[in-house]
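User: Hi, I've got a new model open and could use a hand reading it. Can you walk me through it?

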Amino acid sequence: MAKKVTKIGVLTSGGDSPGMNAAIRAVVRTGNYYGLEVFGIMRGYSGIIDNDIVPMHSRSVANIIQRGGTILKTARCKEFFTPEGRLKAYNNLKKLGIDGLVIIGGDGSFRGADIFSREFDIPCIGLPGTIDKDIAGTDFTIGFDTAVNTAVEAIDKIRDTADAHDRLFIIEVMGRDAGYIALHSGIATGAEHILIPERKTDIEELVASLQEKERRKKLVNMVVVAEGDEFGGANEVAKVVKERLPTTDTRVCILGHIQRGGSPTCLDRLIASRMGYAAVESLLEGRHNVMVGILNNRMHYTLLERAVKSKQKISEEWIKIVKILAS
Ligand code: F6P
């Protein structure tokens with residue numbers, strides 16, 4: 001029989017993502033509903049080590065569902081990846097009687113949670129909060145929809161000016177290890193090429209195809225590049241394109257961190273609410289060391305270890321769609 005949890009902590013860790021606040025709200029209110037004491041842990045794992053932990057109630061999470069960022073703040077905490085750091089964290093949690101944790105973050109955060117819950121008797125539940133969508137075991141991650149819509153809105157604007165000047169635009173979106181933002185925003189805005197870390201970039205093929213488009217007088221051309229593309233970001237791609245196609249009027253635009261901010265979309269608020277609720281239910285049911293996801297519209301639980309190791313794969317079909325539609 002699993003030990004019954006009575007006091008839980010919630011934290012956000014790693015890169016923030018729109019919808020994290022909605023998830024915190026759901027955890028706090030569901031916890032309160034079931035009579036649990038809920039604590040907010042500031043700045044990710046650093047807050048456990050530094051004992052920066054505050055009690056939270058229904059009122060503490062009022063008026064945040066629509067806000068980007070995270071009221072608990074976030075950090076990437078190196079100390080938590082040392083045995084001494086984790087022991088300190090454990091002792092601080094024990095002192096407060098916290099016997100369950102909800103971690104809202106991405107793969108780095110889950111790695112920490114996985115090690116911690118193997119070492120100590122504190123069950124950890126992960127919620128996928130990352131704009132990158134690079135987590136296995138879920139169709140959605142909190143923040144991806146907002147980030148990709150922000151990228152689409154920006155790229156549509158770039159298209160207007162690209163069209164006015166007959167220019168080639170090379171646009172960089174976020175995604176250090178994952179190409180989902182590039183893939184989705186590129187398809188949705190009609191980009192000619194989408195460069196992602198999951199696939200090798202054939203720069204010769206790209207140049208030849210742009211040349212061919214120039215020959216056909218196709219004047220608006222947009223290339224969307226994920227920042228982690230193995231060839232390099234937009235500036236690297238532009239360098240080669242400018243060398244090889246010196247008469248093409250080429251510009252670079254790096255969208256950067258605007259993709260991480262802003263009010264979460266309805267979808268992100270919904271999945272965050274649903275996942276936050278499910279995280280508390282999971283702790284009460286005695287689950288531990290799992291990530292709560294949504295697969296085929298049902299809650300799905302993946303061992304943290306697996307969510308981290310087997311990242312989502314981008315199917316060949318997507319790549320084919322890009323090629324056909326951009327022709
Ligand atoms: O949140 C994930 C992510 O947005 C990556 O796509 C990006 O490379 C990284 O965070 C940037 O992190 P930072 O804000 O620490 O530079």
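Predicted model: local features only at pLDDT ≥ 70, side-chain atom pairs only at ≥ 80, totals over all residues.

User: Which residue does UniProt list for "active site"?

Analyst: The UniProt entry, which is unreviewed, lists Asp132. UniProt positions are in the numbering used here, feature names are shortened, and annotations may be inferred rather than shown by experiment.

User: Where is Asp132 found, and is Asp132 buried or exposed?

Analyst: Asp132 is in the loop between strand 5 (124–128) and helix 5 (144–165). Helices (H or I, at least four residues) and strands (E, at least two) are DSSP runs, numbered from the N terminus. Asp132 has a relative accessible area of 18%, so it counts as buried. The cut-offs are under 20% for buried, over 50% for exposed and in between for partly exposed, with a 1.4 Å probe and protein chains only.

User: What is Asp132 in contact with?

Analyst: Phe144, Gly175, Ala178, Tyr180 and Ile181, leaving aside neighbours within four places in sequence. Contact here means heavy atoms within 4.5 Å.

User: OK, new topic. Which residues of helix 8 are buried?

Analyst: In helix 8 (residues 234–244), the buried ones are Ala234, Val237, Ala238, Val240 and Val241. Looking down the axis, these buried residues fall within an arc of 165°, so they line one face of helix 8. That arc is taken from the directions from the helix axis to the C-beta atoms.

User: And what covers the buried residues of helix 8?

Analyst: The cover includes strand 6 (168–173), strand 7 (193–195), helix 7 (203–215), strand 8 (221–226) and strand 9 (250–254).

User: What about Leu101: buried or exposed?

Analyst: Buried, with a relative accessible area of 0%. Leu101 lies in strand 4 (residues 100–105).

User: Switching to charges. How many salt bridges are there?

Analyst: The count comes to 20, where a salt bridge is a side-chain nitrogen of Lys or Arg within 4 Å of a carboxyl oxygen of Asp or Glu.

User: Which parts does the pair of Lys323 and Glu205 tie together?

Analyst: Their side chains meet in a salt bridge (3.5 Å, N to O). Lys323 lies in helix 11 (residues 316–325) and Glu205 in helix 7, so the pair ties together parts that are 118 residues apart in sequence. Lys323 is exposed at 58% relative accessibility, and Glu205 is partly exposed at 41%.

User: What does Arg215 pair with?

Analyst: Arg215 forms a salt bridge with Glu212, with the closest N and O atoms 2.8 Å apart. Because Arg215 and Glu212 are three residues apart in helix 7, about one helical turn separates them.

User: Which residues are linked in a network of salt bridges?

Analyst: Arg43, Asp50 and Asp52.

Key:
Residues numbered from 1 in each chain as written. Heavy atoms only, no water.
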